[in-house]
Amino acid sequence: METASKRNWFAYVDFALRSFVAGGVAGMCAKTSVAPLDRVKILLQAHNIHYKHLGVFKTLRHIVHKEKFPALYKSNGAQMVRIFPYAAVQFMSYEQYKKLMTNLLGQQSHVSKLIAGSCAGVTAVTCTYPLDMVRARLAFQVTGEHVYTGIRHTMRTIFHQEGGYRALYKGFSPTILGMIPYAGLSFYTFERLKLLLLEHFPSWCGSTNHSGTGLILNVPSKLLCGGFAGALAQSISYPFDVARRRMQLAEMMKEGHKFRTWYGTLAVVWRTHGVVAGLYRGMTINYFRAIPMMAVSFSTYEVMKQLLQLDTSVAKGS
């Protein structure tokens, strides 16, 4: 009995570690693929004085002209430090929450994947939020006007000058409020589309796994499912992302005192700039980045799981 218990424990740890690694690699690949667009999104969301009058493509050109090509990847180092643990924790915890919710609500429950995705997103954000704060501050800087010199300096400065640990979690409330629908819908939509494609278009979208008992989604179909999931989730949660950025960057803006609470921030942005130019400012660039980012993220995760010998198949006839 004790031996069986140990085997179960080792199997659990082995699965968790493999999904942790697969998730971390997926996150790094996804974020690096859209790093220039990520920086443009932050500059536009927070109305940086040098770029607020420009559109997406003009901002990209202006960054290269004013700050040189490497500036497109400014803060990507901080992003990688943040994204590996963030994505690793998110995907690993999703697998665990999915098992738990399936046991509680049943295999066929749609709500179980929605809840599991939301819980995974909240868990990952809670564990890594200070690194997202640091990354936002570094990305908002313009060459020649640097306030922070690196990850450690940014974190120390925020901690000592803005209020300790609490300062490192500015914008945390709207992040959680946005993450609940964003992560929930992302995971649910991907899983649902994956199942539908393998059910209705198995010859086009799938191939048989090694054991011959299930179907595996092919890479183009993985990209399609991931991209659609990202677009839907971002459309619903985007205003909370705008509020988060404004609160994170408040100390770097002249009117930063207006962005103390998430509801106050949303109200100020709405009154000042309206819905399209305020609450959904940068949404165009967000579609350009979110769709390929989520496509790469989910696809890489599934491919990494297969490389690490974790099952991603759907049973035939399910």
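# Cavities, pocket and helix packing

By class, 16 nonpolar, nine polar and 10 charged residues make up the lining of the largest cavity. Here Ala, Val, Leu, Ile, Met, Phe, Trp, Tyr, Cys and Pro count as nonpolar, Asp, Glu, Lys and Arg as charged, and the others, Gly among them, as polar. The model is predicted, so local features need pLDDT of at least 70 and side-chain atom pairs pLDDT 80 or more, while totals for chains, interfaces and linings use all residues. Residues are numbered from 1 along each chain as its sequence is written, and side-chain values use heavy atoms, without hydrogens and water.

The structure holds two cavities of 30 Å³ or more. A cavity is a set of points on a 1 Å grid over the protein atoms alone where a 1.4 Å probe fits but cannot get out; lining residues have an atom within 4 Å of a point. Volumes are the space filled by probe spheres set on the points, which are joined across faces, edges and corners.

The largest cavity has 35 lining residues, and Lys-31, Tyr-86, Met-179, Tyr-182 and Gln-234 are those nearest its centre. Two or more lining residues come from each of helix H1 (2-33), H2, H4, H5, H7, H9 and H12. H7 provides the largest share, eight residues. Helices (H or I, at least four residues) and strands (E, at least two) are DSSP runs, numbered from the N terminus.

The second largest cavity is lined by Ala-35, Asp-38, Leu-72, Tyr-73, Lys-74, Ser-75, Asn-76, Gln-79 and Arg-135. H2 and H4 each supply at least two residues of this lining.

Two residues of that lining, Asp-38 and Arg-135, also form a salt bridge through their side chains, at 3.7 Å from N to O. Arg-135 belongs to helix H5 and Asp-38 to helix H2 (residues 35-45), so the pair ties together parts that are 97 residues apart in sequence. The whole structure has 15 salt bridges (a side-chain nitrogen of Lys or Arg within 4 Å of a carboxyl oxygen of Asp or Glu).

## The largest pocket

A pocket is an open set of points with protein on both sides within 12 Å along at least five of seven lines. The largest pocket is lined by 31 residues, and the closest to its centre are Lys-98, Gln-107, Lys-113, Glu-191 and Ser-313. Helix H4 (76-105), H5, helix H7 (172-200), helix H12 (283-307) and strand E3 (314-315) each give at least two residues to this lining. H7 gives the most, with eight residues.

| Space | Volume | Lining by class |
|---|---|---|
| Largest pocket | about 920 Å³ | 12 nonpolar, eight polar, 11 charged residues |
| Largest cavity | about 520 Å³ | 16 nonpolar, nine polar, 10 charged residues |
| Second largest cavity | about 40 Å³ | three nonpolar, three polar, three charged residues |

## Helix packing

The axes of H7 and H9 come within 8 Å and cross at roughly 175°. H7 is therefore roughly antiparallel (over 145 degrees) to H9. By class, the contact of H7 with H9 has 17 nonpolar, eight polar and three charged residues. Axes are lines fitted to C-alpha atoms, for helices over the stretch in contact, with angles from 0 to 180 degrees between N-to-C directions.

Helix H5 (residues 110-140) packs against helix H9 (residues 219-248) at an angle of about 75°, with the axes 10 Å apart. H5 is therefore roughly perpendicular (65 to 115 degrees) to H9. Tyr-129, Asp-132, Met-133, Arg-135, Ala-136 and Arg-137 in H5 meet Arg-244, Arg-245 and Gln-248 in H9, where contact means heavy atoms within 4.5 Å. By class, this contact has three nonpolar, one polar and five charged residues.

Conventions:
Angles under 35 degrees count as roughly parallel, over 145 as roughly antiparallel, 65 to 115 as roughly perpendicular and the rest as oblique.
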